[in-house]
Amino acid sequence: MYDAPFTRRLFLQRGCALASLAATVPCFIERSAFGMLGNPLLSSQPGVPDHRILVVVQLGGGNDGLNTVVPYGDPEYFKVRPNLALQAPGPSGNGVSLQLDQQRGLGLHPALAPLKSLYDEGFVSVVQGVGYPNPNRSHFTSMDIWHTGRLDAKGSGWIGRYFDATCNGTPIPEGSVAVGRTAPLAMEGNIQKPISFESPELFRWLGEDLHPALKDPYEAINRAGALAGTGGDTQKDFLMRTALDAQVASGRILAAVAKAPLVRYPETSLARQLRTIGAMIRAEMPTRVYYATIGGFDTHGGQNTRHAQLLRQVAEAIEPFQRDLKAQGNDARVVTMVFSEFGRRVKQNGANGTDHGTAAPVFVIGTGVKPGIVGTHPSLTDLDQGDLKYGIDFRSVYASLLGDWMKAPADQILRGNFPSAGVVRA
Amino acid sequence: MDHPLTPLLKKDFDFAAAQHLLNRAGFGGTPQQVRALVELGLDDALELIVEFDASDRKRTKKDEGDAPARDRGPLFVHGDFKPDVLREETPEERAELARAREAKDEETIARLQALRQQRERDDREQLALMQKTWLQRMIETPRPFEEKLTLFWHGHFATGYRTIENSWHMAIQNETLRRLGSGDFQTLARAIISDPAMLRYLDNNQNRRRSPNENLARELMELFTLGEGNGYTERDIKEGARALTGRTYRGNDYYFDRQQFDSAPKTILGRTGNLDGDGFVSTILERPECPRFIAWKFYRFFVNDAPTLSPEGKECIERLADEFRRNDGRIRPTLRTLFRSRHFYAPENRLAVVKSPTQLVVQTIRSLGTPPREMKSLVDAGDLMGQQLFQPPSVKGWDGGRSWINTATLFVRQNVVVYLVTGRRPKGFDWNESEMKYDSFPLVAHLRDGQGGLDAHETIRAVASFALGGSIASERIEQLERFLDGLDQTGRETAITNDRIKALLCLIGAMPEYQLC
């Protein structure tokens, strides 16, 4: 059914030369038409590599950076965290960190073992002490700061502005996709709006489950945009176009996820999200930026068990995702950034947990990254009100992803000149 | 000479026109309600809708005692809303906390923090209840225009809970918008610069004599009254911010902090004097840009939100601005003139507004007569469609128009109609049974022949043209007939059943044009 007659692709192939359409048809139709032809090299902007993809994984709640990238070489770490500190690498066991860099005395949380193997293969950049001036310790505000890329937390999202700056004034359907209930502020542009769906099974009309006879008339209604009205610009034309786009995209996404992935993913929420993203990349969706989220990092009490579970879920989702991309032959096209709105207080609290803090590490993963450790670990003694001082502004990480990876005007998008953190190979 | 605001001829106020009026000034109505408006005629229909309080008094003088009606007027006085849900620590708690910090008594500190966190959770729950309560009000109110205006002003003076994290302040603002939203604009604008939620949202609680914060002054001109760059300068913003110094809140109340007020003379928009907040507002409202900007906002919300304005549309806005000025900024008579005008009913303005998610949900319920089902699910659906009440995305409010629509929201929109009509949730696969059954027959009651039978073709045409609000393309009829034909391949069964009407409504709700009103 998804290859039913009236896809826009067929419409275009049926003899409407693109050149003649260009004058009357909004730009995004051309873009989606190109996207749907499945040839990533057919960029409408010369020199822009349309085929590069950014995946953002958000750790909501404030991930404890000090128990993620572990400064075991610093005796102060064990003093401030008597019950929470992870041990220096040694014979593997509960609470023993994995060796990241012996010289610097840095380890990784043992639950991150799958990430460690990606690191050992040279696919991971660990950016240390990422934050911003005058840190805000409210979840919402700090998350908004990360999303807007602005210290006043106001305005559109940094990914949204990436599209606004590169899409010639018209939005790209499925340009940015959040697998989740709602799309994050980061993806809201003034022009580009993200789409989001919790699971691909919901990215379709549920009415067809009511009775089999509803399917055909429904498709006739929603695919009519290919035949009529596509060139016009009335409200109805616009809706007909979007309805057709939705049918085509839904068909492609459902077909994509129906195929078994090339590797096995665990049955966790984050792994399901990344599996969907992997399937969409494999299906050559025109999507340039994907977003996945996992919450629960607000570990005020009883942190050890909970934090280990969460990090395990993250690593055990990212590792198969990376393998999947490699098996697809798409690994060189995709870079994944993992971040949280803030780290946590240096000193543990009275409930074997940690309170809201400031700077924390960011991971950037992919075959295109410049592997290794970026920046120095923030000092555990030179603190600002009990919190770490950041070393790398998060917008420098964005600058690298936008400028070095997506080849976009990072200064314009970030409204300022932030030196690239250099996390991807130029 | 005719112009866009020339009144519609009385004879032209037919069923489609009355339905259009009820959709735009409110959230639609059943065929019976629309027919009642046609019988009243344009002027009385407007009186009924726009002068809702007078109409209420006439209708219900006898039957109501002193108890406030739950379906109109103040909303959050009913039920379990708590003004102090987010109270500050008591002096005793503060003292206890100080002692505990002194003694490094981690246990007590943690306990007090837990109490605070509990209050914050309660506050978020109260906000969720407010969302459901307001949506329910929109579905039930006999004064749809009152709620439609409240929703309009909520998008205009947009304030987000996420930033202020205080549900009761949002409730206070919502009541202010409801109480003053049909009055005069000056009073409304002055109330807004005394509104705790807005003062916090735009940081005016930090606007002090020695360190002015320009946020409120800027948005007051840019988004609330004049429009971006319309006749003011950065200097006016700086001077305006000084006029707003000292306006803050204490607890749930507006508070004027005289110590922080900058009482030196200022020059704003060419007027010099010892201006305060009210003086700043009157100065702005004297500018011709203000009525024009508000008229434009009205036009996009109530008349047409296509990306480009027609020449008649532009003229309509100019004249509406004049009307607004002539009415001394009174909102009700201005909109009444608009709703009476020929331009409002012109073919190019029918089905020319993209339904907001709230409009889509409430209008579907009010016009098709579906059960309202679960408010929680409808609030969630609103969120998925891009409109969460009390959570506009920014101080700009919702962009509206085409920005509501993308491939993902379109599916949610189609699925929410399926949910309302059938009880099938937008998420998951469980059905709501029993009292939630939807009886669709009232939609077609007037079509029954002598024997009480229903003609299939006529039913399709009537249901579709009613649900879509007017003219319906012949291919749409054919598509719906094909569905019934598909069911009746034996050629025997042609009866119109409740389930078949529901299935037709699901298909109609999935038509691109169903997104328009």
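B:Phe390 is buried, because 21 other C-beta atoms lie within 10 Å of its own, and a residue counts as buried when that number is 20 or more. In this predicted model, B:Phe390 is placed in the loop between H20 and H21 of chain B, and its phi is near 70 degrees, a positive value in a residue other than glycine. B:Arg373 likewise has a positive phi, of about 60 degrees, although it is not a glycine. The place of B:Arg373 is in the loop between helix H19 (357–368) and helix H20 (375–384) of chain B, and B:Arg373 is buried, with 20 other C-beta atoms within 10 Å.

On the side of H21(B), the contact is made by B:Gln414, B:Val417, B:Val418, B:Val421 and B:Thr422, while H24(B) brings B:Lys502, B:Leu505, B:Cys506 and B:Gly509. These contact residues divide into 5 nonpolar, 3 polar and 1 charged.

In chain A, helix H10 (residues 269–282) and helix H11 (residues 303–328) pack at an angle of about 15 degrees, with their axes 9 Å apart, so H10(A) is roughly parallel to H11(A). Among the residues of this contact are A:Leu270, A:Ala271 and A:Leu274 of H10(A), together with A:Val314, A:Ala317 and A:Phe321 of H11(A). The contact residues of this pair divide into 10 nonpolar, 3 polar and 3 charged. The crossing of H10(A) past H11(A) is right-handed, and a right-handed crossing is also found where H21(B) passes H24(B).

The table sets out the packing of the two pairs.

| Helix pair | Angle between axes | Axis separation |
|---|---|---|
| H10(A) and H11(A) | about 15 degrees | 9 Å |

Helix H11 of chain A also holds A:Lys326, which is partly exposed, with 16 other C-beta atoms within 10 Å. The C-alpha atoms of A:Lys326 and A:Leu262 are separated by 9.5 Å, although these residues are 64 residues apart along the chain.

Chain A as a whole has 13 helices and 12 strands, and 54% of its 426 residues count as buried. Among contacts in chain A between residues at least 6 apart in sequence, 68% join residues at least 24 apart.

Where the two chains meet, the contact takes 40 residues from chain A and 40 residues from chain B. Strand S7 (195–197), helix H8 (215–222) and helix H9 (235–258) of chain A each supply at least two residues of the side that touches chain B, and the largest share of that side, 11 residues, comes from H9(A). The residues on this side of chain A divide into 22 nonpolar, 10 polar and 8 charged.

Conventions:
Residues are numbered from 1 along each chain as its sequence is written. Chains are lettered from A and ligands numbered from 1 in the order in which they are written. This is a predicted model: local features need pLDDT of at least 70, side-chain atom pairs count only at pLDDT 80 or more; totals for chains, interfaces and linings use all residues. A crossing is left-handed if the near helix is turned anticlockwise from the far one by less than a right angle, and right-handed if clockwise. Helices (H or I, at least four residues) and strands (E, at least two) are DSSP runs, numbered from the N terminus. Two residues are in contact if their C-beta atoms, placed from the backbone, lie within 7 Å. Ala, Val, Leu, Ile, Met, Phe, Trp, Tyr, Cys and Pro count as nonpolar, Asp, Glu, Lys and Arg as charged, and the others, Gly among them, as polar. Axes are lines fitted to C-alpha atoms, for helices over the stretch in contact, and angles run from 0 to 180 degrees between N-to-C directions. Angles under 35 degrees count as roughly parallel, over 145 as roughly antiparallel, 65 to 115 as roughly perpendicular and the rest as oblique. A residue is buried if 20 or more other C-beta atoms lie within 10 Å of its own, exposed if 12 or fewer, and partly exposed in between; C-beta atoms are placed from the backbone.
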